[in-house]
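User: I have a model open and some questions about it. Can we go through a few spots?
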Amino acid sequence: MSTLIYALQTAMKSIWNEKWINLLTVLSVSIGLLILSSFVTVTLNVDSALKRWAKGFGMVVYLDEDLTGKAENELKKLFLQDPDILEVRYISKEQAVRELRLSLGENASILDELDENPLPSSFELKLKRELLKPAVVKKKAEQISRLKGVEEVQYGEKWLSSLNTLSTILKTSAIFLGCAILVAIVFITYNTIKIFFYRRKDEIETLKLLGATRTFIRLPFLIEGLFIGIAGGLISAVALFGIHSMISFKGVEILPSIRTLMVAPPLQAYILIVLVGAVMSLTGSFIAVGRIRY
Amino acid sequence: MIQFSGVSKYYDGDVVLKDISFTIEKGELAYITGPSGAGKTTLLKLIYCAERPDTGQIVVAGWDVGKLKQGTIPFLRRNVGIVFQDFRLLFNKTVFDNIALALRIHDMQPREIKETVNNVLKDIRLKHKEHVFPQHLSGGEQQRIVIARAMVSRPTVLLADEPTGNLDMDTSRNIMGLFREINARGTTVLIATHNNALFHGTGRRVLYLNNTHIEKEAVG
Ligand SMILES: Nc1ncnc2c1ncn2[C@@H]1O[C@H](COP(=O)(O)OP(=O)(O)OP(=O)(O)O)[C@@H](O)[C@H]1O
Ligand SMILES: [Mg+2]
């Protein structure tokens, strides 16, 4: 217990005596964490936008021209029983024309020229979100198109695959950048603590000869590293909160729906930033102190 | 308390100590003497495990020093107070903190540390210098601080390497008096010195180290 108190005092003294290099280290750590956390926030936002978008994704199953009502009903039953399909909407020939009319707007009059309804009736299917991967959707579409009474299956193949690629790229680069920054934080703290350790080399040598345990020698350095990590984490958490608030306040003028669209980092995320800073800096100082040999 | 059996020590192939055997009993105050470079400091370093013997066995306060694991060495050293030939005072700490450090290492409560250090400062008559930094002290004063640091934790063994270095006769006598007091309280004391005057007429055991081995043993 006394050892811990003494280590705390020693660490605090060192933090104060070396305040400039410590400040610099804390700022470097906080910049690293800020870049990391902003990038993660952006990724989360883009990803959630993509997901929301994908939710609207549907597959249109056009039916054969001469299909009976009974056969149509059987198909519908089949779709409803399929666990992969979330929603089934039947669009009759008449409804299809109505919808087309609506989307054509003032040009709708061209439809009046036709004496027969050229549109087939169809089913609009919504697939489960987990299945929205290009390969899976393609397979499903082929399966359905082989069913009797189905003329053609259409879905936004290109759109879906680019959406997926984008999401994958984002996540992969977030992981890579994240790892690089974590390593950088470890290294930044390592460097500073190593300097302190070398400066006190003679003192440490004497401590060893007086019977100090490894813990006694290490603890002040570890506490100082921990301080650097926590301080860096706190600063970047505050900065992230500030940036996020600023964007959501200023952004409203440009894009009014931004508040509902944007994913705010939850409280846990802020705690996580501090925690990550603490763990990484502690690791750095642990490596810096190294093995102590008597 | 300290037992050497057939101990040899080489530095880069050069023999410094060869086949050394002796025993210092519990509660004894003994001297090791010999010319400069005879290996007195090396012999003391073997006792507190700053050097390892190349052959032989060293037992100190029940510890087989040659076989100690890294993690155990601090616990041996807590039983051994050392007055270093080169002092090893910390110049960024006050006299008080230099002495207190030995107790902090022992995980002693701050209040107890204050009391113990103050007592020891009175013993060495340097209470009025407690807030001074070592570089502002005279050689004799620094020497007393080093002794105080070595004895404050009440070790079972006290090793003193040339504790009167280049001090005048009066100060030396003064310091030797401190060792007798520490010894009288039950600590085993081993003093290494090249100065015959220190042990002359003391009636204590003296080991003469010369030419890599203990040449003779006599009463001073
Ligand atoms: N770390 C070392 N590496 C190599 N040689 C060493 C080392 N330490 C001491 N020596 C050599 O070992 C011999 C004994 O040295 P030691 O310091 O034990 O002598 P000493 O009796 O204490 O001398 P002094 O009275 O001058 O203090 C010397 O020749 C010295 O040069
Ligand atoms: Mg010597």
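Analyst: First a term: buried means under 20% relative accessible area, exposed over 50%, and partly exposed in between (1.4 Å probe, protein chains only). The model is predicted, so local features need pLDDT of at least 70 and side-chain atom pairs pLDDT 80 or more, while totals for chains, interfaces and linings use all residues. Residues are numbered from 1 along each chain as its sequence is written, chains are lettered from A and ligands numbered from 1 in the order written, and side-chain values use heavy atoms, without hydrogens and water.

User: Which residues are buried in H5(A)?
Analyst: Val137(A), Lys140(A), Ala141(A) and Ile144(A). They sit on the same side of H5(A), because their arc around the axis (taken from the directions from the helix axis to the C-beta atoms) is only 100°.

User: Which exposed residues are on the face turned away?
Analyst: Ala135(A) and Lys139(A).

User: Switching to the metal. What coordinates the magnesium ion (ligand 2)?
Analyst: Thr41(B) through OG1 and Gln85(B) through OE1, at 1.8 to 2.3 Å. Donors are N, O and S atoms within 2.8 Å of the metal (3.2 Å for Na, K and Ca); water is not among the atoms, so sites may look incomplete.

User: Is Gln85(B) buried, partly exposed or exposed?
Analyst: Gln85(B) is partly exposed, at 42% relative accessible area. Thr41(B) is partly exposed too, at 25%.

User: And how many salt bridges cross the interface of chain A and chain B?
Analyst: One, counting a side-chain nitrogen of Lys or Arg within 4 Å of a carboxyl oxygen of Asp or Glu. Glu203(A) pairs with Lys93(B), with the closest N and O atoms 3.8 Å apart.

Note on methods: Helix = DSSP H or I, 4+ residues; strand = E, 2+ residues; numbered from the N terminus.
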